[in-house]
Amino acid sequence: MPALTCVEAAAPPPGYGFAWDGALPAPGAYPRGASTTEDGGDLTAAEYPSPWSTDLSAALYRIDGWGAPYFCVNSAGDIAVRSHGAATVSHQEIDLMKVVKKASDHKAAGGLGLRLPLLVRFPDILKHRLESLHAAFDFAIRSNGYGARYQGVYPVKCNQDRYIVEDIMEFGLPFDFGLEAGSKAELLLAMSCLTRASRKALLICNGYKDEEYIALAVIARRMDMNTVIVLEQAEELDTVVETSQKLGIRPVIGLRAKLRTKHSGHFGATSGQKGKFGLTTAQILSVAQKLQRLQMLDCLQLLHFHIGSQIPSTALLSDGVGEAAQIYCELARLGAGLRVIDVGGGLGIDYDGSQSGGSDMSVGYGLHDYASAVVRAVMFACDRKHVRHPIICSESGRALVSHHSVLIFEAVSSTSTKAEPLSSIGPNFAYLLEELADDARSDYHNLKAAAYRGEYETCALYADQLKRTCIDHFKEGMLGLEHLAAVDGLCELVAQELGVADPVKTYHVNLSIFTSMPDFWAIGQLFPIIPIHHLDQRPGVKGILSDLTCDSDGKVDRFIGGHSSLPLHELERGGVGGGGYYLGMFLGGAYQEALGGLHNLFGGPSVVRVSQSEGPHGFAVTLAAPGPSCADVLRAMQHEPEVMFESLKHRAEECSAGDAVSCALALARAFDSMPYLVRSCVDPVCASDGERTDGMGGDSDGCGCCVCGEEEGDEWTFVRCLSV
């Protein structure tokens with residue numbers, strides 16, 4: 001039976017009605033669905049075997065690639081965190097959904113009462129990353145017979161959070177681990193933290209510098225900190241010399257070399273001869289000669305360079321380190337007191353799990369490969385020139401902090417891009433199509449005729465032509481809304497039967513892309529984003545993510561592996577299976593928090609710090625901080641929430657007809673609440689208290705995410721605070 005047939009509609013003249021019986025076969029030119037490819041195209045779970053399993057979810061989302069050794073799928077279908085890497089035993093794994101429940105459940109239910117989005121930090125992973133980095137360099141040094149040690153620094157620009165920096169200082173104490181600063185504020189932060197560190201720990205001072213910056217660095221030297229002022233520009237030398245002479249402190253100076261080695265892609269733009277920072281070979285030689293005239297050549301003790309972030313391969317790494325090592329040897333030959341070579345950043349991480357050096361999203365090596373390449377390149381150059389092996393320093397911030405935090409957010413609803421079915425337009429939609437203008441009606445009849453003949457490509461062409469013609473007629477006022485809806489429904493039906501309809505759904509998430517993953521919007525950086533539960537179930541939907549902001553760029557429609565959609569589970573009212581539907585963004589611990597803005601006045605997420613413990617749940621929350629409230633973000637933009645509250649309360653007293661108290665409470669709750677959406681509760685106990693019961697629905701485990709459990713005393717406290 002052909003797909004387009006004349007049928008009896010509700011009282012139309014014979015031949016006017018038509019319907020689709022679903023019998024049109026899918027021709028070879030229009031294959032149904034998108035195939036799964038290694039790179040590009042859309043991910044789909046349809047081609048995986050049945051029944052579904054957690055192993056298939058791990059393969060579908062490449063968790064064993066980008067997540068190893070810290071993330072896996074447990075038997076419950078939840079993401080599990082292995083804080084100690086491969087050394088984590090099964091009972092030490094932390095179920096991420098249990099962390100979310102603990103954080104979001106109301107305090108009366110034993111939770112912390114935090115609202116999503118939620119940033120979960122795992123300091124044990126941070127410790128493991130730092131120890132693994134040192135272990136890799138220690139092994140490379142011992143196995144190659146290298147004559148010096150490795151001594152790293154953490155560039156605080158990667159994440160300046162107080163607890164992260166303090167953790168790194170604590171975990172790095174046995175390794176004399178130091179800090180790198182690129183501004184006066186970062187220098188003050190680093191100086192403060194280094195008072196509790198080893199005196200051997202390096203304080204690397206990078207970035208543009210004025211006299212005040214250099215004076216701070218020299219003062220740090222006076223405070224017995226192992227401070228090195230790295231010259232990014234040749235003219236900084238005069239300020240360093242003058243300031244140090246004023247303060248009576250002999251400085252330790254470093255040079256940043258502008259190498260000829262660079263790599264392609266976004267992250268390579270900061271390297272090479274056209275890089276933003278660094279001295280050319282002529283400038284390096286000029287600085288060395290000037291220091292020699294000043295009898296300060298012994299102050300030149302460090303050579304620094306930066307090939308670029310996310311160095312894709314050890315071949316490129318070896319080439320760059322080898323070039324820098326030659327400069328180091330030449331400066332040593334000229335009499336410089338060099339003792340440290342700082343290879344900068346560049347130690348990459350595998351964002352997409354491909355373990356490939358072909359893009360900015362992955363690297364083709366591991367920690368041991370990286371350390372071995374650096375040690376061998378420096379050793380080879382120094383041995384040829386008979387130069388003493390220097391201390392090797394790196395600024396591997398991205399590799400240290402990226403894995404240790406996970407951003408959790410909730411999908412609140414979903415919509416489809418496909419048109420409404422013809423049945424929703426009404427029983428007489430055939431009349432609407434026959435009432436089209438002559439040219440459009442001709443396309444409609446030709447479409448039916450092509451379908452009768454089985455000419456599917458011609459059918460698609462007429463459908464497209466019909467739609468474009470009707471859109472033009474609608475814009476000119478020649479076509480009614482009902483007619484346009486009928487044409488849209490018909491064309492969508494044709495596309496579905498030909499297998500070319502877009503099946504992708506838009507999932508609306510309780511998040512701001514600009515605040516929590518700004519690198520995605522700004523430079524196209526991709527992060528692994530996956531559901532953190534229901535991974536024992538087959539995902540049946542292809543989706544993209546749309547955030548809360550009033551901005552068309554506030555969406556995620558590109559995913560790791562070059563995919564344009566993400567496999568997701570069908571979102572019912574209230575989430576999946578009656579509970580919330582939670583997604584996680586992984587490997588975002590570097591840069592995102594500091595770069596995030598306040599677009600639409602959405603502030604940062606709530607934060608919890610979670611450590612592995614021997615308790616019943618395997619973890620302990622050691623720190624919990626709610627996200628910025630509406631009052632906080634308003635204050636950040638120079639508004640005065642206290643004054644705003646008073647003016648609004650005064651207006652409420654004028655207009656509320658005796659209900660000013662409840663208005664004041666509602667205003668206080670609004671100022672004190674995070675700007676993000678709040679899950680409404682469907683719990684009958686809560687509903688009996690007069691709270692709303694519509695919206696997203698409650699969690700199956702209770703109403704921890706709801707507003708219904710808020711204490712009225714807390715609201716009055718905030719009212720009093722605003723009124724002061």
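User: Contact means heavy atoms within 4.5 Å. Take contacts in the protein chain between residues at least 6 apart in sequence: what percentage join residues at least 24 apart?

Analyst: The figure is 73%. Keep in mind that this is a predicted model.

User: How many helices and strands are there in the chain?

Analyst: The protein chain has 24 helices and 23 strands.

User: And what share of the residues is buried?

Analyst: The chain has 724 residues, and 55% of them count as buried.

User: Let's look at helix pairs. How are two packed helices described?

Analyst: By the angle between their axes and the distance between the axes.

User: OK, at what angle do α15 and α16 pack?

Analyst: The angle is about 160°, and the axes are 10 Å apart. Helix α15 covers residues 456-475, and helix α16 covers residues 481-498.

User: Which way does α15 run relative to α16?

Analyst: Roughly antiparallel, because angles over 145 degrees count that way. The crossing of the two helices is left-handed.

User: Which residues make that contact?

Analyst: From α15, Tyr456, Cys459, Ala460, Ala463, Leu466, Lys467, Cys470, Ile471 and Phe474. From α16, Leu481, Leu484, Val487, Asp488, Leu490, Cys491, Val494 and Leu498.

User: How do they split by class?

Analyst: The contact of α15 with α16 has 15 nonpolar residues, two charged ones and no polar ones.

User: Now α7 and α8. What angle do they pack at?

Analyst: About 50°, with axes 9 Å apart. Helix α7 spans residues 211-222, and helix α8 spans residues 236-247. The two helices are therefore oblique to each other.

User: Is their crossing left-handed or right-handed?

Analyst: The crossing of α7 and α8 is right-handed.

User: What residues are in that contact?

Analyst: On α7, Glu211, Ile214, Ala215, Val218, Ile219 and Arg222. On α8, Glu236, Thr239, Val240, Thr243, Ser244, Lys246 and Leu247. By class, the contact of α7 with α8 has six nonpolar, three polar and four charged residues.

User: Where is arginine 221?

Analyst: Arginine 221 lies in helix α7. With a relative accessible area of 29%, this residue is partly exposed.

User: What does arginine 221 touch, leaving out residues up to four places away in sequence?

Analyst: Asn226, Thr227, Ile249, Arg250 and Val252.

User: How far is arginine 221 from isoleucine 249?

Analyst: They are 28 residues apart in sequence. In space, the C-alpha to C-alpha distance is 7.6 Å.

User: Switching to arginine 82. Where is that one?

Analyst: Arginine 82 sits in the loop between β4 (79-81) and β5 (94-95).

User: Why does arginine 82 count as buried?

Analyst: Because its relative accessible area is 19%, and buried means under 20%.

User: Which residues is arginine 82 in contact with, beyond neighbours within four places in sequence?

Analyst: Pro69, Tyr70, Cys72, Thr88 and Glu93.

User: Last one, histidine 134. Which helix is it in?

Analyst: Histidine 134 is in helix α4, residues 123-144.

User: Buried or exposed?

Analyst: Histidine 134 counts as buried, at 7% relative accessibility. Setting aside neighbours within four places in sequence, histidine 134 contacts Tyr150, Gly152, Phe175 and Phe177.

Definitions and conventions. Residues numbered from 1 in each chain as written. Predicted model: local features only at pLDDT ≥ 70, side-chain atom pairs only at ≥ 80, totals over all residues. Heavy atoms only, no water. Axes fitted to C-alpha atoms, helices over the stretch in contact; angles between N-to-C directions. Helix = DSSP H or I, 4+ residues; strand = E, 2+ residues; numbered from the N terminus. Parallel < 35°, antiparallel > 145°, perpendicular 65-115°, else oblique. Left-handed = near helix turned anticlockwise from the far one by under 90°. Nonpolar A, V, L, I, M, F, W, Y, C, P; charged D, E, K, R; others polar. Buried < 20%, exposed > 50% of the residue type's maximum accessible area, 1.4 Å probe, protein only.
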